Amino acid sequence: MIITILYYIITAFIALLIIWNFIKSKKWQEEALYIIILIPFLLRLLRLK
Amino acid sequence: MFTSTQIILAVMVVAYIIVKSLKVSTELSMFLAALAGGLAGGVGIPARHIVEGAFTYLDIILIFITATLFMNLLKESGGIAYVIRGILRKFHRRKSILFVLITILLLIPGALTGAGSVTVLITGGMIAVVLEYMGISKPKAAAIIFIIAGLSAAAPPVSLWAMLTAAGVNMPYVGFFLPLLVPCIALSLLTIFILGWRGKPVNLEKAMKELPEAPHRMNWIRIFIPFLAFLFLVVAGRIWPHSLPVIGLPLMFIVAAVITFSLSPVKLNFLQISRNTVHQLLPLIGTLTCVGILVQIMTLTGVRGLIAITIVTLPVTAVILTLSLVLPISEAVLMWGAAPVLGVPLVLLFNTMGLNPIVALAGMSIIWPLGDALPPTAIIGRLTKDTARMEEPYSQLLKYCIIPAVIIMAVGILMVVFSKKLAFLTLL
């Protein structure tokens with residue numbers, strides 16, 4: 001249980017970093033890629049998958 | 001049935017080529033090719049399968065990010081500079097020992113993270129300086145760094161090509177340690193000695209001036225403790241499997257990263273380094289996510305099955321003889337996507353022929369990274385050129401890669417052919 005929680009924390013931290021980088025990015029290709037890679041992290045955090 | 005699947009494959013290939021020619025990145029090109037495949041296959045834009053595909057390599061992505069964060073923290077704390085300066089000070093007159101130690105330093109970051117680009121970024125620049133002051137030309141130094149960076153990515157514990165293919169054939173990622181480690185170390189040493197044999201003893205004073213300074217309070221203990229902690233967690237899980245919970249590689253790397261951060265003699269901006277890590281890994285994480293989506297759509301539309309059947313029904317001799325071309329070219333086009341798309345049917349083919357799938361896959365895994373120097377992607381090749389501050393044309397780097405590349409291809413193919421006799425390496 002503790003390990004699962006730790007993994008959720010890691011996932012949330014990485015999701016935050018991706019969102020932060022997405023906001024700061026000024027290149028459309030990078031932005032699009034950040035959105036794509038964010039999908040699994042967000043869905044895992046929301047426990048949708 | 002076959003014709004319709006062939007049409008879908010053709011649509012995907014054409015979409016990829018068109019998008020790529022519009023200077024769109026390889027990752028997005030693969031994603032758009034997947035969408036085109038979905039449309040051509042009559043399934044529209046299948047959101048469920050896109051999400052499913054995006055999840056395929058989430059565990060590997062987590063390993064990737066956490067391992068690179070650990071290496072970046074070590075670099076920012078001055079640990080890497082300290083190690084390189086220390087080694088240089090002690091062994092600058094002894095070329096052979098220096099070469100062996102340089103090889104180890106180049107192998108570690110890629111072996112732990114599974115990414116050759118991490119090797120280039122973490123230790124590549126500093127090693128390039130050392131090689132330059134040994135009188136080795138910049139293209140040769142870049143070739144040494146590129147080849148060893150590629151082998152470091154194939155080296156255990158994290159070899160993405162082997163992991164992705166093994167996952168694709170439902171084979172546990174077990175028994176790969178020695179089949180990957182032995183050729184990677186041997187070929188790396190061979191590369192540095194072949195390309196650098198004319199190198200002279202290092203001009204210590206000049207090299208030290210150019211290398212970044214290490215913090216005064218940095219020492220070997222601060223560097224070794226995080227590695228020992230990581231090693232302990234890896235080994236402890238195997239020694240006491242019933243007493244310790246399975247914590248997984250990402251958490252092990254996080255523990256090592258936190259220890260590195262706590263022991264750093266200089267104050268580190270954890271958030272900034274973490275952000276830079278994600279930015280640095282964007283092309284690689286993007287590739288893995290998009291490859292997952294591409295493979296999922298290929299499976300949905302039957303294209304993956306078509307490729308698998310085509311490969312499995314080809315003459316075996318032709319398959320083995322063309323591995324040296326097919327694997328690097330597929331890597332150049334699909335990057336790691338080559339492993340689940342081509343690696344899976346190849347391993348299934350070798351398995352049905354009675355070859356050892358683990359050793360055969362290890363042999364293929366050492367050939368794949370060579371494609372990272374080839375267009376259209378050539379991400380790691382170009383990154384190495386920049387890191388080594390090479391001003392000569394890119395073709396110079398490729399020229400010096402030829403001899404080691406031919407040896408690596410030969411060894412890889414021999415590993416496939418004699419995989420049954422080499423099965424003892426798996427320790428299974």
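Me: Which residue just after α20(B) takes a positive phi?
Reply: That's B:R389, with a phi of about 50 degrees. Keep in mind that this is a predicted model.

Me: Why is α20(B) called largely enclosed?
Reply: A residue is buried if 20 or more other C-beta atoms lie within 10 Å of its own. Seven of the nine residues of α20(B), which spans 379-387, are buried, so the helix is largely enclosed by the rest of the structure.

Me: Which residues of α20(B) are the buried ones, and what do they pack against?
Reply: They are B:I379, B:I380, B:G381, B:L383, B:T384, B:K385 and B:T387. Their packing partners in chain B are α7 (116-132), α8 (138-154), α14 and α21 (394-417).

Me: What makes two residues of chains A and B count as in contact, and how many do?
Reply: Their C-beta atoms have to lie within 7 Å. By that cut-off, 25 residues of chain B are in contact with 18 residues of chain A. On the chain B side, α2 (26-40), α3 (47-55), α4 (58-76), α13 (248-263) and α14 (270-301) each supply at least two residues. α14(B) gives the most, with nine.

Me: What kinds of residue does chain B turn towards chain A?
Reply: The side of chain B that touches chain A has 18 nonpolar, five polar and two charged residues.

Me: And what does chain A look like, and how much of it is buried?
Reply: Chain A has two helices and zero strands, and its C-alpha atoms fill a box of roughly 40 × 20 × 10 Å along the principal axes. Of its 49 residues, 16% reach the cut-off of 20 or more C-beta atoms and count as buried.

How values were computed. Residues numbered from 1 in each chain as written. Chains lettered and ligands numbered in written order. Predicted model: local features only at pLDDT ≥ 70, side-chain atom pairs only at ≥ 80, totals over all residues. Helix = DSSP H or I, 4+ residues; strand = E, 2+ residues; numbered from the N terminus. Nonpolar A, V, L, I, M, F, W, Y, C, P; charged D, E, K, R; others polar. Buried ≥ 20, exposed ≤ 12 C-beta atoms within 10 Å, placed from the backbone.
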